[in-house]
Amino acid sequence: MRLTTKGRFAVTAMIDLALREAHGPVTLAGISQRQKISLSYLEQLFGKLRRFNIVESTRGPGGGYTLARKAHEISVADIIVAVDEPLDATQCGGKGNCHSDEDEHGHCMTHDLWSNLNLKMVEYLSSVSLLNLVQQQEGRGVVIQDMRQKKIKVESAKAEKTAPALAAKKEVAPKAPLINSVFNLARQS
């Protein structure tokens, strides 16, 4: 039994989202860049997460995704189930027909072992909330920067630096008429 990349990527992306959503909607492009996950893959995962009411989307400029519920109300099991990740360690997919579809007593010798593992796994993943994972990351010293604010500050700083220079250029150099302008040709006639 192993968790596939679908489940791992979904949980990772949700942690990223939960860490940053206080600054507003989080873009999938941002998550993709930070977590090195394909944007198209994230779009598929977040479509499923939205249908399970785990995330909400906001369209337009400044749009992105936010949590549909509080982080402590979302379990890792919720995320994994939402993206169609099977949590099953049995060979038969829990059907009990490990050896064949027709055999009534088709359980393999280890069927009960793997079924119990499934129960424990679901129990454990249901007990871990998204908030637990966010707090774990914050405890590790993960620094969250709001890139939107940084971008706005950088753009306003550039505007402040260039504004005096542009004003000086306008005062010093009057606009010279264009020689090959259609309007100048009309004036010369």
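Analyst: Start with contact, meaning heavy atoms within 4.5 Å. Leaving aside neighbours within four places in sequence, phenylalanine 46 is in contact with Ala13, Met14, Leu17, Leu28, Ile31, Val55 and Tyr65. This is a predicted model: local features need pLDDT of at least 70, side-chain atom pairs count only at pLDDT 80 or more, and totals for chains, interfaces and linings use all residues. Residues are numbered from 1 along each chain as its sequence is written, and side-chain values use heavy atoms, without hydrogens and water.

User: Which residues of the largest nonpolar core touch the most other members?

Analyst: A nonpolar core is a set of buried Ala, Val, Leu, Ile, Met, Phe, Trp, Tyr and Cys residues joined through side-chain atoms within 4.5 Å. Buried is under 20% relative accessible area, exposed over 50%, partly exposed in between (1.4 Å probe, protein chains only). Here the core has 34 residues, and Met14, Leu17, Phe46, Leu49 and Leu130 touch the most other members. Its largest share, eight residues, comes from H1. Helices (H or I, at least four residues) and strands (E, at least two) are DSSP runs, numbered from the N terminus.

User: How many aromatic pairs are there?

Analyst: Rings of Phe, Tyr and Trp (its six-membered ring) pair if their centres lie within 6.5 Å; planes under 30 degrees apart are stacked, over 60 edge-to-face, the rest tilted. The whole structure holds two pairs. Phenylalanine 9 and tyrosine 41 are edge-to-face, 5.8 Å centre to centre and 85 degrees between planes.
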